[in-house]
Amino acid sequence: MDRLKRLKTLRVFAEEIRVTTLKELSYIGFGHIGGSMSIVETLAVLYGAVMRYDAKNPNWPSRDKLIVSKGHSGPAVYATLALKGFFPESMLRELNLGGGRLPSHCDRNKTPGVDMTTGSLGQGASAAIGVALGDRMDKAKSFTYLIVGDGELNEGQNWEGFMFAAHKKLGNLIMFIDDNKQQLDGFTKDVLDIGDIAEKMRAFGWHVQEVDGHNIEEILNAVNAAKDIADKPSAIVLDTVKGHSVAFAEGIAGNHHMNFTPEQINEAISSAERVLDLSRKALLERG
Amino acid sequence: MFKVKTKLEKSDVLMRDKYCQTLMALAGDNEKIVVLDADLVSSSGMKPFFKAFPDRAVQCGIAEANMIGIAAGLSLTGKIPFAHSFGTFASRRVCDQIYVSAAYAKLNVRIIGSDPGVTAAYNGGTHMPFEDMAVLRGIPEITLIEPADPVALGDIIRQLCDVYGVYYIRMARKSVISVYQDGSSFEIGKGNVLRNGGDVTIIASGIMVAEALTAAYMLEAQGVSARVVDMFTWKPIDQTLIAKCAEDTGAIVTAENHNTFGGLGGAVSEAVVKTVPVPVEMVGTLDRFGQVGTESFLRQEYHLTAEAITEAAKRAIERK
């Protein structure tokens, strides 16, 4: 597949994830919409182009792993997994239902394809480091991908892990920092200012790239560059918007976890479907 | 099967050395064993392991939360991680990491918390875990074990390479009183009746097992027949044995180097009230903080002695 077509295909996949996530959230009428929307393009790149996995054998030992430390982004992760065939899309109706397989925060024991249980912020990095270390002990070729939130970086355990990963030269660990500039109580600059994330990661000894987190090509290029760095863990700082492209949620305060009306969510779904159609048309165009 | 020593003497091998020797013997054949420490390799006695198996020994630095998360991640790749720190930092400091990343995620992690209670001695109150087991006992499905001596420790560490789940081992680091003869074997989740008796049962753990045996001899001299149980597994607690002891002897004393609140006293009492309600007296630190001192000073200070157990036994019998 030529490069442009590949990018267009990933764009379609990203819009499919967005539509599917919104539909999934619509069934129960509330949820973590903000942080789900901000990582859609990253999930599209990971599951559409980068990661090695077998949807029919989710525990295939040689797979690449993804740990979504910002576990509240479960809805976007579940939509992605369903679209890739880890489980039927009909299962997305179980989001947040008692006894269901799709809890608000990612759970490796409930959802096929979820590699680690997360939700208590700050813990996913350490687990990802353990996986990367274990794979290296086994001389496995696989990569461990990690998604953390910018607000999540408030948690000190991350920085214990960042120090460790650089010290151990974990080149098989690639972390995305979803820099959507917001956390539950408001904007990160007001709640607890993290400052220059990229500069901090460089100071911690990581290979760092900064990209537009909604730009498929930039994310893909950054991952490919990160994979070539053997002697350092890689951080890709994603410049994102919390609630991206959802009119009633995008960039506004209080969009971490929202209740919404059927009209609001249906309008968001229609709007996302129009974008999906456009992306599909673009894929069919030559050049 | 286990055999109790006829004479109570200090062990000739240190607990930490037994920990290291046992894992070194196992690691040769089992490539999945990985050891982690948080800047306490010199204290945990694991230097020989780090030297012999550098690729499977992980120095995490002074970062216990990260260490537990790494252990959880390692187990995702099939490794069998043993992570050590002092009991204070291996339990209360990392409670949520053990809860979420290890237990709730249903991963396969062993945590060694050393220097239980008064054995922390000169490190003092900040380093003296009287609450580690209580902190962790509320975590579903976790197994909590306090071996009494090197023989018990070695056999339990060996077993921990063949089971799955989250295990916390409360381990004295130095020399302790030997209770068991070499070759004894232990069943996790079952208490050991070390001595039979009909008037009262002393249920003890860790360094208090030897005190309980001494107390039983002292009580015998006073005409009281005391049964002694080594309840080395605090969770899941051996409710069947506790009920039988309550039924047979009609009174129970618990003895622990730990706060009785949420500790062995609490765990045994829960079993007693659910099965055969009989008087229970508790020997342990009664909701107090630790402090600096020699172990013998601290044993006296917190009444963790055979004499205190003897007095508690008499009180329990009086309440029948």
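Two residues count as in contact here if their C-beta atoms, placed from the backbone, lie within 7 Å. By that rule, residues 24 or more positions apart account for 75% of the contacts in chain A with a separation of 6 or more.

A word on ground rules. This is a predicted model, where local features need pLDDT of at least 70 and side-chain atom pairs count only at pLDDT 80 or more, while totals for chains, interfaces and linings use all residues. Residues are numbered from 1 along each chain as its sequence is written, with chains lettered from A and ligands numbered from 1 in the order in which they are written.

**Chain A**

Let's start with the overall build. Chain A has 10 helices and 9 strands; these are DSSP runs numbered from the N terminus, with helices (H or I) of at least four residues and strands (E) of at least two. The C-alpha trace spans about 50 × 45 × 40 Å along its principal axes. A compact globule of 287 residues would have a radius of gyration near 19 Å, and chain A agrees with that at 18 Å (the radius is taken over C-alpha atoms, and the globule rule is 2.2 Å times the number of residues to the power 0.38). Of the 287 residues of chain A, 54% count as buried, meaning that 20 or more other C-beta atoms lie within 10 Å of a residue's own; 12 or fewer makes it exposed, and anything in between partly exposed, with C-beta atoms placed from the backbone.

Now look at strand S4(A), residues 173–179, where 7 of 7 residues are buried. In a regular strand the side chains alternate between the two faces of the sheet. Both faces of S4(A) are covered: A:Leu173, A:Met175, A:Ile177 and A:Asp179 sit on one side, with A:Ile174, A:Phe176 and A:Asp178 on the other. S3(A), H6(A) and S4(A) make a right-handed β-α-β unit; right-handed means that, with the strands pointing away from the viewer, the path from the first strand over the helix to the second runs clockwise.

**Chain B**

Strand S5(B), residues 109–114, has 6 of its 6 residues buried, so it is largely enclosed by the rest of the structure. One side carries B:Val109, B:Ile111 and B:Gly113, the other B:Arg110, B:Ile112 and B:Ser114.

Here is how these two strands pair with their neighbours, pairing being called when DSSP finds at least two bridges between two strands:

| Parallel pair | Bridges | Facing residues |
|---|---|---|
| S3(A) and S4(A) | 6 bridges | A:Leu146 and A:Met175 |
| S4(A) and S8(A) | 6 bridges | A:Ile177 and A:Val237 |
| S4(B) and S5(B) | 5 bridges | B:Ala83 and B:Ile111 |
| S5(B) and S7(B) | 6 bridges | B:Ile111 and B:Tyr168 |

Chain B is divided into domain 1 (13–179) and domain 2 (192–318), with bounds from an automatic or database domain assignment. Their centres, taken over C-alpha atoms, are 25 Å apart. In chain B, 28 residues of domain 1 are in contact with 29 of domain 2. On the domain 1 side, the elements giving two or more residues are helix H7 (132–137), strand S6 (143–145) and strand S8 (177–180) of chain B. That side has 19 nonpolar, 5 polar and 4 charged residues. For these classes, Ala, Val, Leu, Ile, Met, Phe, Trp, Tyr, Cys and Pro are nonpolar, Asp, Glu, Lys and Arg charged, and the others, Gly among them, polar.

**Where the chains meet**

Between the chains, 21 residues of chain A are in contact with 24 residues of chain B. On the chain A side, helices H5 (124–137) and H6 (156–167) are the elements that give two or more residues. H5(A) supplies the largest share, 10 residues. By class, this side of chain A has 8 nonpolar, 9 polar and 4 charged residues.
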